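Me: Please take a close look at one part of this model for me. I would like to know where it sits and what surrounds it.

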Amino acid sequence: MIIQKNYAAIDIGSNAVRLLVSTITEKEGQDPTFRKTSLVRVPIRLGADVFLKKNISERNISRMLDTMSAFDLLMKSHGVEKYKACATSAMREAENGEKVTQMIREKSGVDIEIIDGNHEAAIIAATDLHALIQNDCNYLYVDVGGGSTEYTLYSNGKTVASKSFKVGTVRLLNDLVKNSTWKEMQSWVKETTKGFNDIDLIGSGGNINNIFKTSGKKEGKPLSLAYLKKYDELINSYTYEERITELDLKSDRADVIIPASKIYVNSMRWAKANQIYVPKIGLSDGIIKSLYNENQN
C-alpha cells in the first residue's frame, strides 16, 4: 500500500523568503521518500531593513503580506496537508516582528513562528545530514544565512558543540558586523575544533549551493579549499554588474555571494579543513522532516 501526502515549509530568512512543497511517499516496509514538488523563492531582503533600522519597512511588510497570501494559495493548489512557517534572524531582531506576524496571520492566514539560532540549527540537523556523517569522521557543519551563521561540530556521529553568530551576508554587506564579533567566531571555531583531526566541512545555504553548482562536481563529491579560494578570488575580481552578466548570477545573489564565500573560506582555514561537502539541504528541508517526525509520534 502506498500513501502520499504533501507537506510545506516556509523559510523567512534575512535575504529571501522560500516556500518548499514536498511530496512524501510511504510504502509498507520501506523508509519514506521526500520529493521536492515545488520551490518558490522571493528576495525580499528583510535584513537590510532590520539590521539598519531595527524595523521592517512598510514596503516590505506589504511585500511580505503579498508573498504569504500567494504562498497560502499555492499550498491550497498543491493540496498541502500540513505546513510550518519559520522566521529567523531578521524577524527575530525586528522591533515590529511580532506585530508583523500577527498582521500576516490575520490577513493571509499564514501562521509564522519566530525561532532562535539554536532552534534553527536543530531543525536543519533533522535533515538527511546523518546520511552524510560517517561515524569515524569529524565534521564542522556551517550554515550561512543573511543574518547569522550557525555552526555544529560532529564527531563519531554525535553532536559535540553548536553555536550561532550574528555574522551573515546581509549584515556584512551593510558593514554591520563588529570586528570583535568576527574574532569571537574565529576563536570559537579554532577552540572547538582543536584536538579533532581531519575535519571536513559540510556547508549549507543558497550561496554555497550556487558555488557547488558552478563547480560542475557530481553530487556527493566535496569541493577543495583550493577551489573555494580560487572562486573567492574570481568573484572578487568582478564588479557587481559583471557577476550578473559574466557569471550569470541573479541580482540578489551577486552581492551576498562575496561575504558568504569569505565566511566559508575562513571557516575552512580556522578548522584546518581541506574539503567541504555541499548536500542540498537547508532550513526548509529540516522543517518538512520535523513536521513528518512530529506526525509519527
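Contact here means heavy atoms within 4.5 Å. With that in mind, which residues does Asp 143 touch, not counting residues up to four places away in sequence? Please set Asp 143 in its strand and sheet, then go on to the rest of the fold.

Reply: A caution to begin with: this is a predicted model. Now to the residue. Asp 143 is found in strand 6, which covers residues 138-144. Leaving out residues up to four places away in sequence, Asp 143 touches Glu 120, Ile 124, Ser 148, Thr 149, Glu 150, Ser 204 and Gly 205. With Ser 204 there is a side-chain to side-chain polar contact, at 2.5 Å.

Charge is the next point. Asp 143 is buried, yet it has no salt bridge. The nearest side chain of opposite charge belongs to Arg 18, and it is 8.6 Å away. A salt bridge would need a side-chain nitrogen of Lys or Arg within 4 Å of a carboxyl oxygen.

Strand 10 is joined to strand 11 (residues 275-277) by two bridges, and the two run antiparallel. Ser 224 has Gln 275 in strand 11 as its bridge partner.

Another Asp is worth a look. Asp 252 is in the loop between helix 11 (240-245) and helix 12 (257-271). Asp 252 counts as buried because its relative accessibility is 11%, and the cut-off is under 20%. Asp 252 touches Asn 15, Arg 41, Pro 43 and Arg 45, again not counting residues up to four places away in sequence. The side chains of Asp 252 and Arg 41 are joined by a polar contact of 2.7 Å. Asn 15 is 237 residues from Asp 252 along the chain, but their C-alpha atoms are separated by 8.3 Å.

The order is 3-2-1-4-5, and the pairing is mixed. Strand 3 (33-42) and strand 5 (112-114) are the edge strands, each pairing on one side only. Neighbouring strands in this sheet are turned by 20° against each other on average, direction ignored. Strand 4 (residues 82-87) and strand 5 run parallel and are joined by three bridges. Ala 85 stands opposite Ile 112 in strand 5. Helix 13 (residues 283-296) lies across strand 1 (2-12), strand 2 (17-27), strand 3 and strand 4. Helix 13 runs at about 135° to strand 1.

Lys 54 follows helix 1 and has a positive phi, near 70°.

Key. Residues are numbered from 1 along each chain as its sequence is written. This is a predicted model: local features need pLDDT of at least 70, side-chain atom pairs count only at pLDDT 80 or more; totals for chains, interfaces and linings use all residues. Side-chain values use heavy atoms; hydrogens and water are left out. Helices (H or I, at least four residues) and strands (E, at least two) are DSSP runs, numbered from the N terminus. Buried means under 20% relative accessible area, exposed over 50%, partly exposed in between (1.4 Å probe, protein chains only). Lys and Arg count as positive and Asp and Glu as negative; His and the chain ends are not counted. A polar contact is a pair of N or O atoms within 3.5 Å; within protein, one must be able to donate a hydrogen and the other to accept it, and residues adjacent in sequence count only if both atoms are side-chain atoms. Two strands pair if DSSP finds at least two bridges between them. Axes are lines fitted to C-alpha atoms, for helices over the stretch in contact, and angles run from 0 to 180 degrees between N-to-C directions.
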